[in-house]
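Subject: Structure handover and notes on its salt bridges

Dear colleague,

My notes come after it.

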Amino acid sequence: MVRVEIDDRSGFCFGVVRAITEAERALEGSGTVFSLGDIVHNRIEVQRLERMGLRTVSHDDLPRLAGRRLFIRAHGEPPATYAEARRCGIEVIDATCPVVARLQKRVVEAHAAMRRAGGQVVILGKRGHAEVVGLTGQVAAPTIVVEGAADLERIDFARPVYFLSQTTQSIALFEELGAEIRRRAADPAAVRVDDTICRQVSNREQHLAAFAARFDAVVFVAGRKSSNGRVLSEVCRGANPRTYLVEEAGEIDPAWFDGAASAGVCGATSTPKWLMRAVADRIVALTGGDR
């Protein structure tokens, strides 16, 4: 019999809770709400909201949405998106996470400082991620996006550097790259390392490592598109090699729990509690365990 426990600290972060709540409130009114991109990087939760009337659109769809309501998700958008919405006569519901909104302002300030110093702005983040697109779009000047040590070759170390991070990146990786940038810099004093990682996310790393180590097997629940999910699932795997990443309960393989007496269920900041409960219930059903 497998004892199954859900991590009570996993699930939506503040920014996602705020966005989902605002979307649900908007959907209670009449008509459809159009979300610019997936409202959250979790396919199952997106499908739930679609049943309520949410429709996902892209930037290319904006010209045909005149007079409609457009939802800006927690990841945020660059100023050009708001300008295009105004031009098209679209009503904007802005659910940008306050932490992301503050970082967007910080990026603008960083570019102003580097413009005066003849330097460059560098962001640790996933290229193409919605938050990173919104951050790099805050100013016309180019922003260098790095995903790991190999990307540091793109930096001109003879010039000053202002180093920031996407809110959901790993603190360990950010600190490692920040130290390496200072090591390579012609003038380490001209490097500013500004930790902009959301602590609602980063504080989960140590907790999840401890949580994962307590069980014989761990199931981490996250959407395939979730950057945060990939980072946190690897934290769990580092503490417990028998960590399995799933998007929904139907993906669970009963063989994962062979010889296991306990299983932990946890998830990303984009994973709803109801989905983790469904996964836990599925493990119980497959193994004859209990919660």
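What follows is a short account of some charged pairs and of one further residue.

Please bear in mind from the start that this is a predicted model.

One partner of E5 is R3, and the two side chains meet in a salt bridge with a distance of 3.3 Å from N to O. R3 has a relative accessibility of 38%, so it counts as partly exposed, and E5, with 25%, also counts as partly exposed. E5 forms a salt bridge with R214 as well, where the closest N and O atoms are 2.8 Å apart. Because E5 sits in strand β1 (residues 3-6) while R214 belongs to the loop between α7 (199-213) and β10 (217-221), this pair ties together parts that lie 209 residues apart in sequence. R214 is itself partly exposed, its relative accessible area being 47%.

A further pair to look at is D38 and K225, whose side chains meet in a salt bridge of 2.7 Å, taken from N to O. D38 is found in the loop between β2 (33-36) and α2 (43-52), and K225 in the loop between β10 and α8 (227-239), so that here the parts tied together are 187 residues apart in sequence. Which of these two residues is buried, and which is exposed? D38 counts as buried, because its relative accessibility is 17% and the cut-off for buried is under 20%, whereas K225, with a relative accessible area of 53%, is exposed.

Salt bridges can also join into a group, and in this model E153, E180, R183 and R184 are linked in a network of them.

Finally, I would like to draw your attention to T269, which is placed in the loop between β12 (262-267) and α9 (273-287). T269 has a relative accessible area of 5% and is therefore buried. If we set aside the neighbours within four places in sequence, the residues in contact with T269 are G11, F12, C13, V16, V201, R204 and N228.

With kind regards

Key:
Residues are numbered from 1 along each chain as its sequence is written. This is a predicted model: local features need pLDDT of at least 70, side-chain atom pairs count only at pLDDT 80 or more; totals for chains, interfaces and linings use all residues. Side-chain values use heavy atoms; hydrogens and water are left out. A salt bridge is a side-chain nitrogen of Lys or Arg within 4 Å of a carboxyl oxygen of Asp or Glu. Buried means under 20% relative accessible area, exposed over 50%, partly exposed in between (1.4 Å probe, protein chains only). Helices (H or I, at least four residues) and strands (E, at least two) are DSSP runs, numbered from the N terminus. Contact means heavy atoms within 4.5 Å.
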